[in-house]
Amino acid sequence: MPSPFAPTALIGESFAGEGANAAHTNVVIGRKGGPVETAWATALATPSAGHVPFLTIVRPSVPVKPLTLFVTKAAADGELHQRATWGSAQAGLAQGVTDAVRDGLLPAEEADDLLIIAAIWVNPAVDDLDVSFRNQRSAAHDAVRAAVNATPTVADVLAAVEEGPANPFYTPTSGALVR
């Protein structure tokens, strides 16, 4: 019998889109009965002010499979940001995880045995729920793909550092890069 999928934790990250509607997603994928389940249950049972982990649903009373915990990176603030967090980003995460199952990245036959923790960034300045949904769907799928494929590799990271570190919030000047 083949070994089960994800016998140890798989970790992935992805950023999709730009500006206020961009999505940044980190995922941890693991099996029920292991350390990911402990982290999943602990996070669900210990919310903090403004950061309330919740079960990701496809529709009310239909949680996505594998069961996926949505953990907010930014406290939902204002009506549109709340609608994006609880609405478009959650729907995008659910669709992205489902796409990963449909594409075979996550084995459908083991979906009931797997858990996902997804840490999700929704910019408080979000201004388009449909773009937010599309970006989150893409980021979720790509984060799962990165976790499953163990990418980027160390060689990929070293090559990226040669170009210089950068992210949507900061790119160092050439002078700052001098050692």
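One aromatic cluster is formed by Phe 54, Phe 70 and Trp 86. The model is predicted, so local features need pLDDT of at least 70 and side-chain atom pairs count only at pLDDT 80 or more, while totals for chains, interfaces and linings use all residues. Residues are numbered from 1 along each chain as its sequence is written, and side-chain values use heavy atoms, with hydrogens and water left out.

Rings of Phe, Tyr and Trp (its six-membered ring) pair if their centres lie within 6.5 Å; planes under 30 degrees apart count as stacked, over 60 as edge-to-face and the rest as tilted. By this rule there are three aromatic pairs. One of them joins Phe 54 and Trp 86, with 4.8 Å from centre to centre and 55° between the planes, and is tilted. This pair links distant parts of the chain, 32 residues apart: Phe 54 lies in strand 3 (residues 54–55) and Trp 86 in helix 2 (residues 79–102). Helices (H or I, at least four residues) and strands (E, at least two) are DSSP runs, numbered from the N terminus.

Trp 121 and Phe 169 make an edge-to-face pair, because their ring centres are 6.3 Å apart and their planes stand at 90°. Here too distant parts of the chain are linked, 48 residues apart: Trp 121 is in strand 7 (residues 114–122), and Phe 169 is in the loop between helix 4 (154–163) and helix 5 (174–177).

The table gives relative accessible areas; buried means under 20%, exposed over 50%, and partly exposed in between (1.4 Å probe, protein chains only).

| Residue | Relative accessible area | Class |
|---|---|---|
| Phe 54 | 14% | buried |
| Trp 86 | 38% | partly exposed |
| Trp 121 | 22% | partly exposed |
| Phe 169 | 62% | exposed |
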